[in-house]
Amino acid sequence: MKRVLTTALVPLLAAATLTACGDGDKPSAHPSGHMQGHMSPATTAAHNAQDVMFAQMMIPHHRQAVEMAGLAARRASSPKVKDLASRIAAAQDPEIAKMSGWLTAWKEPTSMPSMNHGSMDGMMSDRDMKALGELTGKEFDRKFLTMMIEHHRGAVVMAQTEQRSGSNPAARALAASIVTTQTAEIATMRDLLKAR
């Protein structure tokens, strides 16, 4: 009887062993339902030189916008200008982190040492930033809106170039989001300028 049971159990034990080994080769599921060990599409998908340039140029461009938004929080008089500046910073800070992560994963520098940031579309000069930082109240509001409109227009141009020539899906998706969001913000800022 024992011999019959042993003979019958051998195939079952072998099947269980094979099943356990097979499961171990698969990515484990996270309680949230997502599979662990998978990297984001931006880091795993192919990218080209345009994707790298887009991230390397947009990071300092975003940083300047966040700096301008910080000035608005302290020096603007219009609640609407302060609210817009807060939304700009809240949107662009995470995008800086996202693009920096891409470049690190792609084994590319997060900045271009030879890049002249002042030559980028929409970037303000040090003199422009200094002048803005010396203003307060309504004068600041007017100058901030004028400068940020130009800054956003530059970002839109850069993002449109990425849409045309980039290859990484996540980078192109971010570019599309920048075009949509910042085009809408340009319209809002123009309306605020007209109302002043």
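Is Arg87 buried, partly exposed or exposed? Arg87 counts as partly exposed, because its relative accessibility is 40%. Keep in mind as we go that we're looking at a predicted model.

As background, side chains of opposite charge can pair when their charged atoms come close.

How many salt bridges does the structure hold? There are three. Another one links Lys130 and Glu134, and here the closest N and O atoms are 2.7 Å apart. Lys130 is exposed, because its relative accessible area of 55% is over the 50% cut-off. Glu134 is exposed as well, with a relative accessible area of 53%. Then there's the bridge between Arg153 and Glu150, whose side chains meet at 3.6 Å, N to O. These two are in helix α6, and because they are three residues apart there, about one helical turn separates them. Arg153 is partly exposed, with 43% relative accessible area, and Glu150, at 38% relative accessibility, is partly exposed too.

A search of the whole structure turns up two aromatic pairs. Helix α6 runs over residues 137-165, and since Phe140 and Phe144 are four residues apart in it, they're separated by about one helical turn. Both of these Phe residues are buried.

Now go back to helix α4, which covers residues 79-105, and find Ser100. With a relative accessibility of 16%, Ser100 counts as buried, because that value is under 20%. Which residues does Ser100 touch, leaving aside its neighbours within four places in sequence? Its contacts are Ile59 and Thr110.

Follow the chain out of α4 and you come to the loop between α4 and α5, where Lys107 has its place. Lys107 counts as exposed, because its relative accessibility is 75%. Its backbone has something to look at as well: Lys107 has a positive phi of about 60°, although it isn't a glycine. For context, most residues other than glycine have a negative phi.

At 10% relative accessibility, Met129 counts as buried. What does Met129 touch, not counting residues up to four places away in sequence? Its contacts are Gln64, Glu67, Met68, Leu71, Met124 and Met147. Take Gln64 from that list: 65 residues separate it from Met129 in sequence, yet the two are 9.0 Å apart in space, C-alpha to C-alpha.

How values were computed
Residues are numbered from 1 along each chain as its sequence is written. This is a predicted model: local features need pLDDT of at least 70, side-chain atom pairs count only at pLDDT 80 or more; totals for chains, interfaces and linings use all residues. Side-chain values use heavy atoms; hydrogens and water are left out. Buried means under 20% relative accessible area, exposed over 50%, partly exposed in between (1.4 Å probe, protein chains only). Contact means heavy atoms within 4.5 Å. Rings of Phe, Tyr and Trp (its six-membered ring) pair if their centres lie within 6.5 Å; planes under 30 degrees apart count as stacked, over 60 as edge-to-face and the rest as tilted. A salt bridge is a side-chain nitrogen of Lys or Arg within 4 Å of a carboxyl oxygen of Asp or Glu.
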